[in-house]
Amino acid sequence: MKLRSKLFYSYLFLLVVYAGFTLLPAPSGVTLALYHLSSLELKLISASIVIIMAGIWFAGFYGYAKLHKYSENIKGDKDGKHVKKISQGILVLALWLPVSFTISAVLSYIALKNPSTLAATTIIKNYINILIPLIGFILVGMGANGLSEITKSRPSYRTTNLLALFIVYIGLIYYRLLVTTPSRADIYHMSIWPIALTLAAPYIFMWFIGLLATYEIYSYQKKVVGVVYRESWRWLSLGLAWLILSSMALQYLTTLSARLTDLSIYGLLAVVYSMLLMLAVGFVLIALGTKKLQRIEEV
């Protein structure tokens with residue numbers, strides 16, 4: 001990612017806005033009392049999260065920049081348009097955390113100053129958190145489907161059924177957690193049916209198309225020539241799969257938000273940092289794969 005590119009400036013802009021709305025407002029007195037923290041201690045914790053986020057976001061933008069450049073170099077090849085579609089999906093996924101976290105920070109500030117807007121801001125945040133990655137994985141899936149058709153490596157009937165069965169069980173567990181969570185109204189500010197139809201269902205659909213795209217990319221790399229080329233796509237497929245698993249874990253945790261408040265500050269930080277680490281691994285794997293692809297073109 002070039003330091004004077006529009007992509008880098010977008011990264012800086014989102015990071016500055018996110019950091020500003022996270023660090024500058026006065027900490028909530030309720031939060032300080034609940035976890036027995038001073039204002040300085042909470043600011044330091046928030047600053048550590050901002051720093052980690054900066055690294056994760058950079059990995060995402062870096063991965064897209066490398067894949068985009070590679071797709072431009074091969075745009076005349078038969079797989080060029082499909083790789084470009086995947087790069088567009090990676091761009092949306094790279095924007096997922098910066099955009100959603102930045103908007104969430106702004107909306108949280110608005111809700112803090114105007115408590116009457118809490119329900120509306122929470123609903124907006126929930127829909128942004130699903131809409132962005134859903135679009136990203138749809139684009140990746142379209143590109144992965146095109147690549148699998150070129151190499152005639154479409155998933156078998158058995159594989160598709162096993163994947164669908166896995167998603168059904170994951171979806172049922174997720175729905176069960178949604179129904180039984182005691183603080184559902186505080187988390188979503190909607191009744192169960194709108195949650196199930198407009199949040200849970202899109203998440204389950206996204207997990208399915210994301211895992212299917214991952215499998216198609218993994219199958220594609222086994223059919224192409226070149227050890228480094230295959231390794232590049234393997235890293236990319238692993239990174240996408242890891243992001244899907246991270247999304248599952250994040251949504252499961254969201255349904256358990258009420259129980260998380262019973263944890264000590266150390267337990268809560270362990271959960272938060274673990275989730276950030278999961279997200280970081282996914283974007284780093286994607287960055288490693290796309291970096292290898294770019295190196296192939298430079299040889």
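**Close-up 1. Lys75 and Glu72 join their side chains in a salt bridge.** In this predicted model, the N to O distance of the pair is 3.8 Å. Lys75 is exposed, with a relative accessible area of 59%.

**Close-up 2. Glu216 forms a salt bridge with Arg154.** Here the closest N and O atoms are 2.1 Å apart. Follow the chain and you will see that the pair links distant parts of it: Glu216 sits in helix H8, while Arg154 belongs to the loop between H5 and helix H6 (157-180), and 62 residues separate them. Is Glu216 buried or exposed? Glu216 has a relative accessible area of 2%, so it is buried. Arg154, with 44%, is partly exposed.

**Close-up 3. Glu231 and Lys292 meet in a salt bridge between two helices.** The N to O distance is 3.7 Å. Glu231 lies in helix H9 (residues 227-255) and Lys292 in helix H11 (residues 265-298), so this pair, too, links distant parts of the chain, 61 residues apart. Glu231 counts as partly exposed at 25% relative accessibility, and Lys292 is partly exposed with a relative accessible area of 25%.

**Close-up 4. Helices H1 and H4 pack against each other.** Two packed helices are described by the angle between their axes and the distance between the axes. For H1 (residues 6-23) and H4 (residues 80-113), the angle is about 30 degrees and the axes are 8 Å apart. That makes H1 roughly parallel to H4, because angles under 35 degrees count as roughly parallel. Their crossing is left-handed. Look for Leu14, Tyr18 and Phe21, which are among the H1 residues in the contact, and for Leu95, Pro98 and Tyr109, which are among those from H4. By class, the contact has 13 nonpolar, 2 polar and no charged residues.

**Close-up 5. Helices H5 and H8 cross with their axes within 8 Å.** H5 covers residues 118-150 and H8 covers residues 192-223, and the two cross at roughly 30 degrees. That makes H5 roughly parallel to H8. The crossing of H5 and H8 is left-handed. Which classes of residue make up this contact? The residues divide into 19 nonpolar, 7 polar and 1 charged.

Key: Residues numbered from 1 in each chain as written. Predicted model: local features only at pLDDT ≥ 70, side-chain atom pairs only at ≥ 80, totals over all residues. Heavy atoms only, no water. Axes fitted to C-alpha atoms, helices over the stretch in contact; angles between N-to-C directions. Helix = DSSP H or I, 4+ residues; strand = E, 2+ residues; numbered from the N terminus. Parallel < 35°, antiparallel > 145°, perpendicular 65-115°, else oblique. Left-handed = near helix turned anticlockwise from the far one by under 90°. Nonpolar A, V, L, I, M, F, W, Y, C, P; charged D, E, K, R; others polar. Contact = heavy atoms within 4.5 Å. Salt bridge = Lys/Arg side-chain N within 4 Å of Asp/Glu carboxyl O. Buried < 20%, exposed > 50% of the residue type's maximum accessible area, 1.4 Å probe, protein only.
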